Amino acid sequence: MDCLFCKIIAGEIPSTKVFEDEKILAFRDINPQAPSHILVIPKEHIGGVDELNENNSAVVAHIFAKIAEIAKNEGLENGYRVVSNVGEDGGQTVRHLHFHIIGGAKLNTQMA
């Protein structure tokens, strides 16, 4: 498989990790859109939200439980945004399920 995020999980490509457990990895985005921009990914390859099903969706609950913890550790007490792009038209550039935690500044409230 030629998945960028799978290579990061395998340690083949370096990342700046902020959290890791047996199910997920969180690391800093290399092109941050805000002072704090972290990606949270499952270690199991799932292409995107559109590939979630009854057999693999439990990882999303785990991710969201950890997002709150990661955001608190980042000092994002005033709020943050969680985003998941789906497919090419939705702006998904890496075909591996991931959630962006974006914060650390007042964010634009207009949708793209």
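Predicted model: local features only at pLDDT ≥ 70, side-chain atom pairs only at ≥ 80, totals over all residues.
Figure 1. F5 is buried, its relative accessible area being 4%.

**Figure 2. The aromatic pair of F5 and F27.** Two aromatic pairs are found when the whole structure is searched. In the pair of F5 and F27, the ring centres are 5.7 Å apart and the planes meet at 75°, so the arrangement is edge-to-face. An angle over 60 degrees is what the edge-to-face class requires. F27 is buried, with a relative accessible area of 4%.

**Figure 3. The aromatic pair of F64 and F99.** Here the ring centres of F64 and F99 lie 5.2 Å apart with the planes at 75°, and the pair is therefore edge-to-face. Because F64 sits in helix α2 (residues 58-73) and F99 in strand β5 (residues 99-103), the pair ties together parts that are 35 residues apart in sequence. F99 counts as buried, at 6% relative accessibility, whereas F64 is partly exposed, with a relative accessible area of 40%.

**Figure 4. The nonpolar surface patch that includes F64****.** F64, Y80 and V82 together form a nonpolar patch on the surface. The accessible area of these three residues amounts to about 240 Å². F64, a residue of helix α2, has a relative accessible area of 40% and is partly exposed.

Definitions and conventions:
Residues numbered from 1 in each chain as written. Heavy atoms only, no water. Phe/Tyr/Trp six-rings, centres within 6.5 Å; stacked < 30°, edge-to-face > 60°. Buried < 20%, exposed > 50% of the residue type's maximum accessible area, 1.4 Å probe, protein only. Helix = DSSP H or I, 4+ residues; strand = E, 2+ residues; numbered from the N terminus. Patch = residues over 30% accessible without salt bridge, like charges linked within 9 Å, V, L, I, M, F, W, Y side chains within 5 Å. Areas by Shrake-Rupley, 256 points an atom, 1.4 Å probe, with all protein chains shown as cover. Salt bridge = Lys/Arg side-chain N within 4 Å of Asp/Glu carboxyl O.
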